[in-house]
Each structure stands twice: as structure tokens, then as C-alpha cells.
Amino acid sequence: MMVEDRSVTLHTAIFNTPLKGSYDADDCLFLLKPIKADYQTIDNKEKLIQSGQMHYSQMIHKESPPTKEYTQLFYQMTAKYKSRLAREIMTLASLICEARTEEVTVLSLARAGTPIGVLLQRAISQYFQRKSTHYSISIVRDRGIDNVALDYVLASGHTPESIVFVDGWTAKGVITRELHQAIEGYNAARNTNISPQLFVVSDIGGTADVQATFDDYTIPSALMNSTVSGLISRSILNEQIGPNDFHGCVRYQHLAEHDLSRWFVDEVFGEMQKSVRTEVVSESKIKRRERTEDFLRSIQVSYGITDINRIKPGIAEATRVLLRRVPDKLLIRRRGDDGTLHLERLALEKSVDVIEVPDMPFGACSLVKDVANNNKG
């Protein structure tokens, strides 16, 4: 691969402008470009994805405010799990500070990683007294990471050695693999040495590099979309993005009165104490991955699913399917479990079948409906 003139790429990238979202600038800056919204309905978006006419990153739907009942569940889950999440953030912050010797540049993967990045930024700077900056940047399955955003970070004076990538959770490992491959390419092209390691709160599939826990539990921020992520959409990569632009996004200002982004991070941060962390669990990631792969194969056979992208294991991913996609079925380990009550609520609101699978290795798993084949004949 030809090494590019880094001074030229960095000079070009610095003319982009970060986006603040609804967070304080000290908490998070989004390296995303606001673009004109051309909303698709969720049903039409699903058809375009599954028919191969468009990539998911080219489209967005207009988010609606959550119902009062669902919002109440979010409050309950935050109250229940905020102390646990605070301890896990402190554990992860400690592991990051051990891995980085001086300043820390937190690059969260928008959007699941965004509130986690805010919390890590606060923990690292206020409890570990390390200089820390947090940017939330885009990575897209099959398309890679936003190289212009990485150029901007380096052009802003942050060293390659200070960069750490963070996300909320991992399951099948798709984004971990995408990140590793993308950073390998970026390092080769720019002659840099950025670590491709991914730090996450929960690694239920054994695919991340560093994690605070392996448990599949209800990370409260997974319950919401933009109203807990700075009122910013997931990243968009379509014809409105030029070669020197950040990846795109939409600002959901119509949801401002429902925004809980600052409230959520304040609630969790209020639970943090430097000396209180979770125990670092040592477990075979190989066995975790094998168990996940066995489960995915069994679901493919049981439900006749050929496209593995239609299977979303884990409570967090199952939630995202019910919020953003066209769900077919919701599999849960046990009805009435506190950790998956919000999923049962969403399934009720969307008339989705709920099936108990007591021996499932995860708390929940959502199946995306096969809208392409269902429309044939």
C-alpha cells in the first residue's frame, strides 16, 4: 500500500468542524457532519437493505419519542443498574490508564459507545487525573472507520499512542473485526501506529480486546436511541459526504424535550468512586466465541435463517432491533425477568412474538424479519 503524505491529509481534515450535540463540549465532541435528512420509513429501509439496493449506512429513519411506559422502564433500569455501570466504567478507565502512559484520547464509536465515552472521559480526567479528550466518531460495517475523523484527531495535536477506541458492548464481533481491519489499513496508509484495540463495557461474545464484564445485562443506555446519545443519529455515509468530510449524521432536535443524555451520564457519574470497581474477570474468550457461534448456528437451523445479519444476540442488540428494524421474533431466556422487561414491553407495542429459550447463553436475542422473501410471490 502506498503511504500518503500525512501532512496533506491532516491539513485538509482540520477544516472540518466538530459537532457538540446536547452534551457539554468537555464531555463529547462528535466528529460527524450534519446533513440534510431524507427519512425512510423503517419498513422501506429494511426492504432496501435486505434486497441489496442500498447499504444500511446510506439511510436513516426519523426517530419517534419513546412512550411514557417505556421511558418509565428506562428510569427503572437506570436506577437498578447505574451503580454497577459506574463500577464497570471505573474498571475500564483503570485498564485504559494502564494501557496509555500519558494523555488519553477517547474515541467512542457512535452511537452505542457515545455515552460510555462521556463517562470514561469524566472518570479518566477527574478520578485518574489524566489529560483526556473525548470524540465520538463513525465506523460502518463493510465500509470501515472514518479516516477523515482520525486525520482530524491527529491534526488537533493528539498523538497516535494516546488513542483508545471504546464501545458499549460486543456480541458477534462484527465491529471489532471492522475496526481491526480499518486501523491496519489506516496505519499502513498514514505511516502511523494507532492501536486497534477495542475497549467495551460488556463483551458477551468474547470478541473485544478489553472488557469490564462478560455478562449480558441491561446497560441502561442501550434502551434508548438519540435521546441518550446527544440527540444525534447513528452515522450516515451517502452521496452527501465528500472525500474530505466527516461521516454524516442528523440532529433530532424534534426530540429535545425528551432528551435524557445529560441526565443519564450525571446519574451514573454520581455513583462513581475511585476505589470502587468491579473485579476483572478472567475467562476464555475462545470458549465464549465458540459458544456464540454454536448458538448462532442453532438459531439459523431452527428458524431457517441464511443471512446471519438477521440474528442479533444479546439484550442490547435485541433492543436495537426492536427500536430500529423490522423485528420478527424476540427470544428471551425467561419471561418476566427484570433485565428484559423493556424488551417484552417493546414486543407488546410492536406486536412481536416472544419465545422463551431457557438454555440460551444470552438474556435475549432478536430476529429481524425476512422482508425480501416475504414479499415474493
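Colleague: What covers the buried residues of α10?

Modeller: Buried means under 20% relative accessible area, exposed over 50%, partly exposed in between (1.4 Å probe, protein chains only). Helices (H or I, at least four residues) and strands (E, at least two) are DSSP runs, numbered from the N terminus. Contact means heavy atoms within 4.5 Å. Here the cover of α10 includes the helices α3 (68-99) and α9 (315-324), along with the strands β12 (327-332), β13 (353-356) and β14 (364-368).

Colleague: On what basis?

Modeller: This is a predicted model, in which local features need pLDDT of at least 70, side-chain atom pairs count only at pLDDT 80 or more, and totals for chains, interfaces and linings use all residues. Residues are numbered from 1 along each chain as its sequence is written, and side-chain values use heavy atoms, with hydrogens and water left out.

Colleague: Which residues of helix α10 are buried?

Modeller: An α-helix has 3.6 residues a turn, so residues three or four places apart point the same way. In α10 (residues 341-349), the buried ones are His342, Leu343, Glu344, Leu346 and Ala347. Ser351, which follows α10, has a positive phi, near 55°.

Colleague: Is Asp27 buried or exposed?

Modeller: Asp27 is buried, at a relative accessible area of 9%. Asp27 sits in the loop between α1 (6-13) and β1 (29-30). Apart from neighbours within four places in sequence, Asp27 contacts Val118, Gln121, Arg122 and His134.

Colleague: How many of the 377 residues in the chain are buried, as a percentage?

Modeller: Buried residues are 57% of the 377. Of the contacts with a separation of 6 or more, 79% join residues 24 or more positions apart.
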